[in-house]
Amino acid sequence: MRRADEEEEPLKLIRRYVTPDRRYLKLGGSLLRTTGRERSEFLRKLGQDAGEISPRELATLLGRGWRERKTAAWLIAVAGRAEFRPRLGELLLASEGPYAGQAYCVALATFGTSADADLLDAYLARYLPRPDLSYDQTAALGALLLLDAKLDADRATRFLAPGGLWQRWIDGPPSKDRIPADSCREFIGRLCAFADESAKHCPTRPARDGRASRAAVSVTPRHGSAAPQAPR
């Protein structure tokens, strides 16, 4: 009976937090294509759920597949649960599966500290030298640029130098769109702004000024910047 209960609990969490209205599919760039009322209602429910889900339940979701991990990372971002930073960094660096890495980058960007920049820097240092791998490099660069703006740092500069790792990655196989670095920053900034908006409905969310995300979305995005992240 205990074994059956252990299997049932994750299924309940998935039905409660992941699959309603196909939430896991809408988290990310798809939010940019929703209407004002639809988006507001979606973010309201996301914020409420971020305030209700427990740390243990979030850990359970992070231990499952990409749908659960992606949703959990967004709930973590909205609720500002920075205690999950090490786990998100571990998942991002391992890059074991598709589709969830962008959500990890959003969460780290919303936490907004140098510790989060460390993890994004480490990811780019590991995966930009691999032009054969199209993983979450655009999301990580965008998030690092946001944190550079917030923290008055320039950690992304070494990746963006002429002929540097970023240039070599976008020039290498497989074929990639030539995405300007600023477009990566603007895109992740818009997703962070959604997390900020959703956080207004999360009673457990600590106050944050949101300056990095607001600065990012104040720039009119370039054509094609709405979805620079190509999931693997």
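The buried residues of helix α3 are Phe42, Leu43, Leu46, Gly47, Asp49, Ala50 and Gly51. Buried means under 20% relative accessible area, exposed over 50%, and partly exposed in between (1.4 Å probe, protein chains only). Helices here are DSSP runs of H or I with at least four residues, numbered from the N terminus. This is a predicted model, where local features need pLDDT of at least 70, side-chain atom pairs count only at pLDDT 80 or more, and totals for chains, interfaces and linings use all residues. Residues are numbered from 1 along each chain as its sequence is written, and side-chain values use heavy atoms, without hydrogens and water.

Salt bridges come next. The rule asks for a side-chain nitrogen of Lys or Arg within 4 Å of a carboxyl oxygen of Asp or Glu. The count is 17.

Stay on α3, residues 36-52. Lysine 45 and glutamate 41 form a salt bridge there, 3.9 Å from N to O. They sit four residues apart, about one turn of the helix. An α-helix has 3.6 residues a turn, so residues three or four places apart point the same way. Lysine 45 is partly exposed at 34%, and glutamate 41 is partly exposed at 33%.

Helix α6 (residues 85-94) holds a pair three residues apart, arginine 87 and glutamate 90. Their salt bridge spans 2.3 Å, N to O.

Which parts does the bridge between glutamate 9 and arginine 56 tie together? Its closest N and O atoms are 2.4 Å apart. Glutamate 9 lies in helix α1 and arginine 56 in helix α4, so the pair ties together parts 47 residues apart in sequence.

Finally, Arg16, Arg23, Asp49 and Glu52 are linked in a salt-bridge network.

How values were computed
Helices (H or I, at least four residues) and strands (E, at least two) are DSSP runs, numbered from the N terminus. The expected span of a helix is 1.5 Å times one less than its number of residues.
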